[in-house]
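I opened this entry to record what I looked up, in the order I looked.

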Amino acid sequence: MHLQENGITFAAPPLNRLPSVHRKIFCPGNTLIVCVQLADGRVEDAWSTGRMMRSMNLLLQVISDDPGRPCFVRRAHCLCNDGHALAAVRALEDLAGIAPPRSALLVRSLVQALRCIQEHLLHFYQFHLSNWVCLGPALGADPGKTARLADPLNRGPDYFRQVQERLRPLAENKGINGFNDRFCDHPDYRGADEFHLLVHSHSLESLQIQSLLNKALGLLGCKNGRHPAYQTGGLSPDMNLGQAVLQQLHGLVRHCRDFINTSFLTDLEQMARAYPHWKDLAIGSTFLCLGDFARPHDRGLLFPNGITRTAGKNQIVDPARPDRVTEEHTPKWKDLDTERYRLNFGRHGPVFFWNKGNLPWIFAPRHGKDACEAGSLARVMGAFTQGRQEVCKAVNNSLKASGLLPGDMNCALGRLLSRGIESSVLSKAALDWLDELKTEPVGKRALMNQNFRLPRTGVGTGKVEVPRGSLIHTIQMDKHRIIRHDCLIPSMWNFSVRDSKGRRGPLEQALLGTPVRNPDHPLELLRIVHAFDPCNPCHVVVQDADTGRVTLSGPGT
C-alpha cells in the first residue's frame, strides 16, 4: 500500500486497529484526509477534507519595474511548478490583453506535453503501481510465457529472467519506497503471473523514458526550475530552436511515443481486461476542462474547453467559464458532516494536528451548481464527446483493446486508460508541433509579443490544464502593485467538500458503493483515491458500521 507525500511514494506500515484512546496524527501543513463509512461491506458515505495553502499573496505582493513588467522575487514550489508558472504568465498576458505568437504556442504546448507524459508515467509506474500489480506473482512468473504474452520487442525469456533478478532484492527489502509487497494476498489482485512480470519490466524501462523526456526538456532549457518557454508575451529570446535542436527533439519524442504505444498503453489495456468489474466502480458525473494545448496545424485546441455531464451512457457538453466559478468556504453542513469535515471522530478516533501554521480548510469550488472532476479523464471525455479526431481515434482503439464500450470510460478503469490515451495523443501532437516549427524559417520566427504594458489596475485570469486537472490563477493589480494572487488547483476541485446544498465533491461521489473486502487493508479505496492523484499526503479513515471499528491508513500510522 503506497501513499504520496510531496511527490514521493512510500510504503505505509501495516494498518492498525485504533485503540480506545485518541491516536495523535501530526500533519505536515498541506494534508488531505478522506473518511468513509462502511455498511454491509460497502461505502455508505464519504467525506474529503484537510487543510491546504492556496494563496500566492505572501509571495507576490511586489512592485512592477519601470516598463510595467513584474518583479517576482520568490516563487511557489510544489509538484506542478511548470503549470503554476504558465498560469501566472497567462494571467499577466490576460491583464495586458496580448497573445503570444504561434511559435511560442507550439513550444509551450510541447513543454507542457513532455511534462504531462512524464507525470503520467511516474504516477502509474512509480507512485501507485502496487495498487494493481504485485511483485510476488511477478517473481513466480514463467519468463518464457511472459516473452510470448505481449512483448512488442520480441525479447526472449532471458530478458525477463534478468528482470526477475533485478526485482528480487526489492521484494526482499520491505522498507524500500514504492515496492512494499506485503499485501499481495488481497483477493482483488487479478491477472496471470506473467502479466504482473511484464508490467514490472515496463516499470523499470519507464525510468529510461523519463530520462529521455528530461533530456528533451533540457534541450529547450526547461529544467531545474527554469521556465524559458513561459515568459510574458511568449518565449525567452535566447531559446535555441535551430534545426539541429529540433531534429534531436524529434528523435527523443519518437522514442518516447513508441514506448507509450507499445508498452504503457498496452499495460493499461491489459489491466482493464484483468479487472473488468471495475468498470462499474467510481462513476463520476460532471467533468471540467478549461481547454489547452495547441492543435497541430490548426488554430483550435487539442483538448477543447467544456463541462461534460453524463446522462446515462451519453455525454452533454456546455462551455466552461471561469467567471462562473464560485467558492463556498464555510458551507452549512448537517451535524455529522460538520464533525467529519472538521475531523471530530470522538473518543475512539484519531486526532489530527497541523504542525505548519493554521492553513485554511478545503472548501467547495463549483462551476455554477456543479461539483466538477478535473484531470486526464475530463480532458479525454470532453475531446471525445466534441469529436476531436485525434482523441476519438485513440479512445476507440484503446477501448477495443480493453474490451470496453465508449460509455465505460466514466469509471475507475477510464481514469487509468485516460492517462495512456492522453500520453499517446500528446506524443503524436509533439511530433507534429516539431514538424510545424521546422517549416518556419528561423529568421522569420516570432518568439515573443513585446508590444505590451501591464495596466495600472486590472484583473487577469490564467487557465492551464496540468496533469492533475484544471488550474486557474487570478492576479489583481492596483497602482502597478499585485494586491491579490490566488490559485484554484486541481486537488481543490477533485477533493472538494460537499456544499450547503449537500452536493458531494467528485471523490466523495466516486467512493460511494465501493466494496471493501478488508477494512484493515482498504485496497479498493486506495485505488480510487490515488486515481484522483492527490498532490499532498493523504490519510484514509475507515469507519465500519458493522463492527464499530475505526482503522487508519496513511503517513505516520
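My notes run from the whole chain to single elements and residues.

**Confidence.** The mean pLDDT of the protein chain is 87. I noted that 87% of the residues reach 70 or more. One is residues 1-21, for which the model has 86 contacts beyond four places in sequence. The other stretch I marked is residues 175-180, with 18 such contacts. Where pLDDT is low, the predicted coordinates should not be read in detail. I therefore left the detail of those contacts alone.

**Whole chain.** I counted secondary structure next. The protein chain has 15 helices and 20 strands. It holds 557 residues, and 59% of them count as buried. The accessible surface comes to about 22,100 Å². Carbon and sulfur atoms account for 50% of that surface.

I went into the S17 and S18 pair. S17 covers residues 469-478 and S18 covers residues 481-488. The two run antiparallel and are joined by 7 bridges. Ile-475 has His-485 in S18 as its bridge partner. Met-477 stands opposite Ile-482 in S18.

How many residues lie between the strands of this hairpin? I counted 2 between S17 and S18. In the turn, Lys-479 has a positive phi of about 55°.

**Helix pair H6 and H7.** I turned to helix H6 (residues 157-172) and helix H7 (residues 193-219). Their axes come within 10 Å and cross at roughly 75°. Angles of 65 to 115 degrees count as roughly perpendicular, so I logged H6 and H7 as roughly perpendicular to each other. I listed who makes the contact. From H6, the residues are Tyr-159, Phe-160, Val-163, Gln-164, Arg-166 and Leu-167. From H7, they are Leu-197, Leu-198, His-200, Ser-201, Leu-204 and Glu-205.

**Positive phi in loops.** I noted two further residues here. His-297 has a positive phi of about 55° although it is not a glycine. I placed His-297 in the loop between strand S8 (292-294) and strand S9 (301-303). Is His-297 buried or exposed? Its relative accessibility is 54%, so it counts as exposed.

Asp-533 also has a positive phi of about 55° and is not a glycine. I placed Asp-533 in the loop between helix H15 (523-531) and strand S19 (538-544). Is Asp-533 buried or exposed? Its relative accessibility is 3%, so Asp-533 counts as buried.

Key
Residues numbered from 1 in each chain as written. Predicted model: local features only at pLDDT ≥ 70, side-chain atom pairs only at ≥ 80, totals over all residues. Heavy atoms only, no water. Pairing = 2+ DSSP bridges. Helix = DSSP H or I, 4+ residues; strand = E, 2+ residues; numbered from the N terminus. pLDDT = per-residue confidence, 0-100. Contact = heavy atoms within 4.5 Å. Buried < 20%, exposed > 50% of the residue type's maximum accessible area, 1.4 Å probe, protein only. Areas by Shrake-Rupley, 256 points an atom, 1.4 Å probe, with all protein chains shown as cover. Axes fitted to C-alpha atoms, helices over the stretch in contact; angles between N-to-C directions. Parallel < 35°, antiparallel > 145°, perpendicular 65-115°, else oblique.
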